[in-house]
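Please look over the sequence and the model below.

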Amino acid sequence: MSNQPIDTSIYSAISTAIQTEAKRILAEEQVSAVIGYTTARRQGSAQPIVITAANDAAKLIFSPACVNNLAVYLTKAKKEIPKQGRIGIVVKGCDLKALVGLMGESQLRREDLYLIGVPCAGVLGSTVQPATALTSDSIAPKCSECDARLPQGCDFVPSQTPATPELEHKYAAEIARLEALTPHERWAYWKEQFSKCIKCYACRQVCPFCFCEQCLCDRNKPQMVETTPRPAGNTAWHIVRAMHLAGRCAGCAECERVCPMDIPLNLLNRKMAKELKELYAYEAGFEVQDKGPLTSYEEKDDQSFIK
Amino acid sequence: MVEIVGSTMHPEKQKHSFEPKIIAFVCTWCTYAGADLAGTSRMQYPANVRVLKFPCTGRIDPVFILKAFQQGADGVLVSGCHPGDCHYIAGNFHARRRFAVFRKLLEFVGVDLDRLQFSWVSAAEGGKWVEMVSDLTERVRAMGPMTEFKELALEEQWSGAIDTPELKEAYNSI
């Protein structure tokens with residue numbers, strides 16, 4: 001498919017709407033803080049910001065470089081961020097799914113949040129410069145199969161509608177390619193991918209669902225996963241990581257974005273999401289569910305693999 | 001006169017070139033009791049299996065299976081109560097979903113699922129236990145040793161490899 005441009009002209013109107021709304025809720029003291037995006041030093045780049053004063057609302061922006069999932073700042077793993085009173089947060093559709101997942105796991109309460117939803121046409125992939133124009137090539141792979149461009153159930157959503165054309169589903173294609181290989185070939189593929197891992201745990205730090213006070217993979221009595229960046233421990237870490245996110249992952253693909261070694265981490269997450277959809281008709285969405293697919297069961301569940 | 005028939009008590013053991021290591025994670029209420037029944041009934045089954053007793057299949061974390069393979073298991077058997085018979089009411093229902101998903105993950109990473117067997121064996125099914133262990137042992141024996149995880153464990157840290165002529169020269173000059 002040829003490289004086609006993606007219309008991001010609505011982003012400036014969205015930025016203005018976010019600023020106005022943030023200013024209003026801060027001035028009316030509806031919220032104690034607003035978590036959003038602001039311009040960073042490199043041209044075109046953006047970074048997360050927490051504002052507490054109505055006058056700072058003008059700093060907020062939304063652009064194709066607003067890649068971060070801000071939901072991670074609300075988890076209990078990020079102790080350095082004080083969570084007092086109601087907090088406003090700027091969310092894209094994928095980020096909202098993460099927040100909804102956290103609400104389902106009793107980590108957050110809806111009434112403590114003021115959700116500013118963003119109609120999102122897509123954000124940039126992790127391998128391009130932040131000032132790059134958004135096209136079907138430079139867009140993040142997760143955005144090419146996004147079904148959540150308009151967030152639902154937010155307190156405020158700017159009225160713009162994104163017009164992103166239908167794009168090639170990169171993860172689905174790659175999963176299909178790997179599934180067609182023999183187990184031996186798949187092992188060789190993942191062995192090479194996992195051998196790159198340097199165990200920086202950036203994927204864990206950035207994941208909204210990795211909020212455990214102590215990670216199983218850090219425990220040494222008994223040690224379940226070797227902590228040194230050797231191939232054996234790396235493989236175990238990535239398998240455990242994918243398993244612990246199965247049925248919880250919202251698909252924000254932050255793990256893959258932050259990976260300094262470019263390991264296709266979201267590929268494992270997408271594969272698990274695909275299996276959970278087929279097995280238990282579960283998909284991450286905008287509706288808070290008390291029980292996830294792996295914390296509930298039905299008596300008629302498939303057991304054809306059990307003798 | 002009592003005729004001693006030694007051959008039926010101790011049948012000739014067949015010699016194999018490869019004896020697989022099978023790790024069995026079993027629940028204490030059903031499969032462990034089932035295996036016990038097989039023992040007290042003097043049923044014969046391969047000694048390749050190492051049984052690890054858990055309170056419930058719901059306690060068997062997928063990471064245990066991973067660890068078993070990493071520590072040199074050639075095959076893994078996970079067995080517990082039949083659905084509806086769980087001592088803790090729903091432990092095996094939860095386990096069933098978890099393992100259904102975990103085996104899909106292992107398959108995607110490239111583990112041959114023929115090495116991993118799940119089963120329901122009740123306390124009365126000593127015969128089924130024997131059949132399960134024998135089948136898995138013979139299947140894994142035919143497949144040969146599980147080399148993937150063992151090779152991985154022996155591999156060095158990637159940054160420690162002296163794999164370029166420049167590095168080799170520098171190393172030799174030390």
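Helix α2(B) is followed by B:Arg42, whose phi is positive, near 60 degrees; helices (H or I, at least four residues) and strands (E, at least two) are DSSP runs, numbered from the N terminus. This is a predicted model, in which local features need pLDDT of at least 70 and side-chain atom pairs count only at pLDDT 80 or more, while totals for chains, interfaces and linings use all residues. Residues are numbered from 1 along each chain as its sequence is written, and chains are lettered from A and ligands numbered from 1 in the order in which they are written.

**Helix α2 of chain B**

- The buried residues of α2(B) are B:Thr31, B:Tyr32, B:Ala33, B:Gly34, B:Ala35 and B:Ala38, where buried stands for 20 or more other C-beta atoms within 10 Å of a residue's own, exposed for 12 or fewer, and partly exposed for what lies in between, with C-beta atoms placed from the backbone.
- Among what covers these buried residues of α2(B) are β1, β2, β3 and α5 of chain B; two residues are in contact if their C-beta atoms, placed from the backbone, lie within 7 Å.

**The sheet of chain B**

- Four strands of chain B form an open sheet in the order β2-β1-β3-β4, with parallel pairing, and two strands pair if DSSP finds at least two bridges between them.
- The edge strands of this sheet are β2 (49–54) and β4 (116–120) of chain B, each of which pairs on one side only.
- From one strand to the next, the twist averages 20 degrees, given that axes are lines fitted to C-alpha atoms, for helices over the stretch in contact, and angles run from 0 to 180 degrees between N-to-C directions.
- Helix α2 (residues 31–40) of chain B packs on the sheet and touches β1 (22–27), β2 and β3 of chain B, its direction making about 115 degrees with that of β1(B).
- Helix α5 (residues 126–143) of chain B also packs on the sheet, touching β1, β2, β3 and β4 of chain B, and its direction makes about 160 degrees with that of β3(B).

**Strand β4 of chain B**

- Strand β3 (residues 75–80) of chain B is joined to β4(B) by five bridges, and the two run parallel; B:Leu77 has B:Gln117 as its bridge partner in β4(B), and B:Gly80 has B:Trp120.

**Where chain A meets chain B**

- The contact takes 35 residues from chain A and 34 residues from chain B, and α7(A) gives the most to the side of chain A that touches chain B, with eight residues.
- Helix α7 (residues 231–245) of chain A and helix α4 (residues 91–109) of chain B pack at an angle of about 140 degrees, with their axes 10 Å apart.
- In this packing, A:Ile239, A:Ala242 and A:Met243 in α7(A) meet B:Phe102, B:Leu105 and B:Val109 in α4(B).
- B:Gly110, found in the loop between α4 and β4 of chain B, counts as partly exposed because it has 19 C-beta neighbours inside 10 Å.
- Leaving aside neighbours within four places in sequence, B:Gly110 is in contact with A:Pro183, A:His184, A:Arg186, A:Trp187 and A:Trp190.
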